[in-house]
Each structure stands twice: as C-alpha cells, then as structure tokens.
Amino acid sequence: MNHHPREPRLPHPRGPLSAALTANLRGAGPLPRPADAGAADPYGDDLQLALYVCYELHYRGFAGVPAEREWDPELLRVRAALEGRFLEALRAGTPVHDSLDDALGALLVEPAEGTGVAGFLHKEGELWQLREYAALRSLYHLKEADPHAWVLPRLWGRAKAAMAAVEYDEFGGGRADRVHARLFADLMTDLGLDTAYGRHLDAAPAEMLALVNLMSLFGLHRELRGALVGHFAEVEITSSPASRRLAEAMRRTGAGPAAEFFYDEHVEADAVHEQVVRHEVIGGLLDEEPELAPDIAFGIDATEYLEDRLARRLLTDWRAGRSCLRIPLGPAGQREPERRISHTS
C-alpha cells in the first residue's frame, strides 16, 4: 500500500452509495451494487460524491487506499453505472443549441453587469462570500488543467498542438511557481483558507461536485473527446470577463495581492486562450472529425447547464444571508474543523 502526504482523506459519506463505497475503500464491506445507481438522484449529493471518489482515484487517490484500486474491475463497474446515470440525465436535461455555431455564439455574448456569481461578487459580494467561493472552486482549480490533459492523446494535428500550447500555459510555462493551481493556492492563503488538496470536499454541495465530475467524465472517455473540447472552450471563452469582475471584487474587499493576481492573470491569459481554442483547437478538430460538432456543442451546453445550477444554489443562499457550504468555514487564518457536517442531503 502506497501513502503520500498529499493524498486527501476519504470524505464523509452522504448516502448509501457513498457510504458503501468509502467503507469498501477502507477495507470494510462490499461495494455498492451497480444497479443501485439507477435509482439515485443523478444530481444528488450521494451519487455525485460517490462518482467524485471514483474519479479521484485517477488523480491523487486517498490516504490509506491502495493505489491499485484505481483499476479494480469491480470498482470500475460501479463507476460506469454512476457515470452512466449522470450522463443520461445530462443528455436528457441539458438545453442544447441547434448548432455548434449557435453554442459558440452564445458564449461570446457577455452577461450583463451584476448577473451571475461573478457579477454578484463584483458588485456586492462580501469577503466571507469570496472565501466560500474560493473554497468551493478549489475542487476545480487545484486540478485545473489535469482532466483536460487527458484529451491530448486523442487529438492530432492543429487541435493537439493548440491544446498543448494552452495547457502549457495552465501548467506555468515550465515554472512551478506559475502553475495556475499553485497561483490559486496562493489566493487561498490570502483568504485564510486551508490550501490542502481536497480539503474542502466535505463542504461542497452536489452542484459543485457535478461540475468537477463533468470534466473528469469527459476527460476519461475517448468517445467524449468532442465534449471535453466543448467544455474547455466554455471555460476559456467565459473566463476573461468573469475573471475581471472577480479581480475587482478581490481588490474592493481587500482580499490580498495573490487573490487579485490570480484573476488578473486569467483576464489576460484567457483572452488569448479563447482565440486559440476557438480557431485552432475546435477548428483543427473539426477539420479532422467534422462529425464531432454536436459533441462539442453538448460539452459547451452541459457545462453552462451545471454552472447555472451552481450559480442558483450560491446566489439563493447568499442573498438570504446564509452560507452555501455544508460545513461553515472558520475565521480567516483559523484552520477549519476536520469533520463537522452541518446537514446531509
């Protein structure tokens, strides 16, 4: 059994699927039955946490879980059932544009000032809300470019070269201190948050888990390479204007220089990435495989759909003056409690 100090702890379960799965990974009890996934809420805490745990075995794993469990055939059957339920719900429920051009065109329409999470934080967000937002987004940003890199062996020509160029920037251009995941950890430090990988998993609601699971789902399946490119396009095209608003929110609230720098960096970098992704990654992929256009559109639209679900959750809670987290954060600079689940779903 291999252990590494950077491996996170297994999370607290949120229902029968995640309880059976985490118990099995600890060596106590059988795996959940694949058939049980069919009756679960595809967007609920239990299924999304179980799927997140399965996917995390392909990243850093968990403390105390043998590395070979990553490719355990029975565990992969469970994962397939969970992600099948999730993907089926996405295909049935995502509002999809009529064409890829329409989907891309919608991304280029900048939302009105004050709308969405970035707009809310820009105009009226308080420091406690920025801290909550950073804690949630750490599940994404501390692995920011990793699932996107899985698509590289599945591309070739212009698309591969352009995707690799953007990923090179995400990984710091060869400099460890410029890796975007490192820059986000510095942002978290400014906000007085624990920067340990996976530290805020127990606090994150299902809507955040679903968004992170989406990029793992697309990245791990060759047949979904078009959807992964669509997801990546949505992220890069919408990032620059949102990052500008978030950088201003960090300045307004006095969050700190590293917190400001992370989003300032993304304003400039992602404005360039947007052009590369649209013209070279997507353009190159369509030159080679034009039949993937609907998959690219689906990746864009599914990402937007899940981002909208997350935004509704955050804004509903914040506008009511309450935390959006399952576990409240401690004061800035104070280490958060290890296990203090406020409620289950």
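User: Which residues in helix 5 meet helix 13?
Analyst: G116, V117, F120 and L121 in helix 5 meet A311, L314, L315, W318 and R319 in helix 13. Contact means heavy atoms within 4.5 Å. Helices are DSSP runs of H or I with at least four residues, numbered from the N terminus. This is a predicted model, where local features need pLDDT of at least 70, side-chain atom pairs count only at pLDDT 80 or more, and totals for chains, interfaces and linings use all residues. Residues are numbered from 1 along each chain as its sequence is written, and side-chain values use heavy atoms, leaving out hydrogens and water.

User: What about the angle between the axes of helix 5 and helix 13?
Analyst: The axes of helix 5 (residues 116-123) and helix 13 (residues 293-319) cross at roughly 30 degrees and come within 9 Å. That makes helix 5 roughly parallel to helix 13. The label is for angles under 35 degrees; over 145 is roughly antiparallel, 65 to 115 roughly perpendicular, and the rest oblique. Axes are lines fitted to C-alpha atoms, for helices over the stretch in contact, with angles from 0 to 180 degrees between N-to-C directions.

User: New topic. How many helices and strands are in the chain?
Analyst: The chain has 13 helices and 0 strands. Its radius of gyration is 19 Å, close to the 20 Å that the globule rule gives for 345 residues, so it is as compact as a globular protein of that length. The radius is taken over C-alpha atoms, and the rule is 2.2 Å times the number of residues to the power 0.38.

User: And F262, buried or exposed?
Analyst: F262 is buried, with a relative accessible area of 0%. Buried means under 20%, exposed over 50%, partly exposed in between (1.4 Å probe, protein chains only). F262 lies in helix 12 (residues 257-288).

User: What is F262 in contact with?
Analyst: Leaving aside neighbours within four places in sequence, F262 is in contact with H141, E144, H180, L183, F184 and L187. In helix 9 (residues 180-190), the buried residues include H180, L183, F184 and L187.

User: What follows helix 9?
Analyst: G192 does, with a positive phi near 75 degrees.

Notes:
Helix = DSSP H or I, 4+ residues; strand = E, 2+ residues; numbered from the N terminus.
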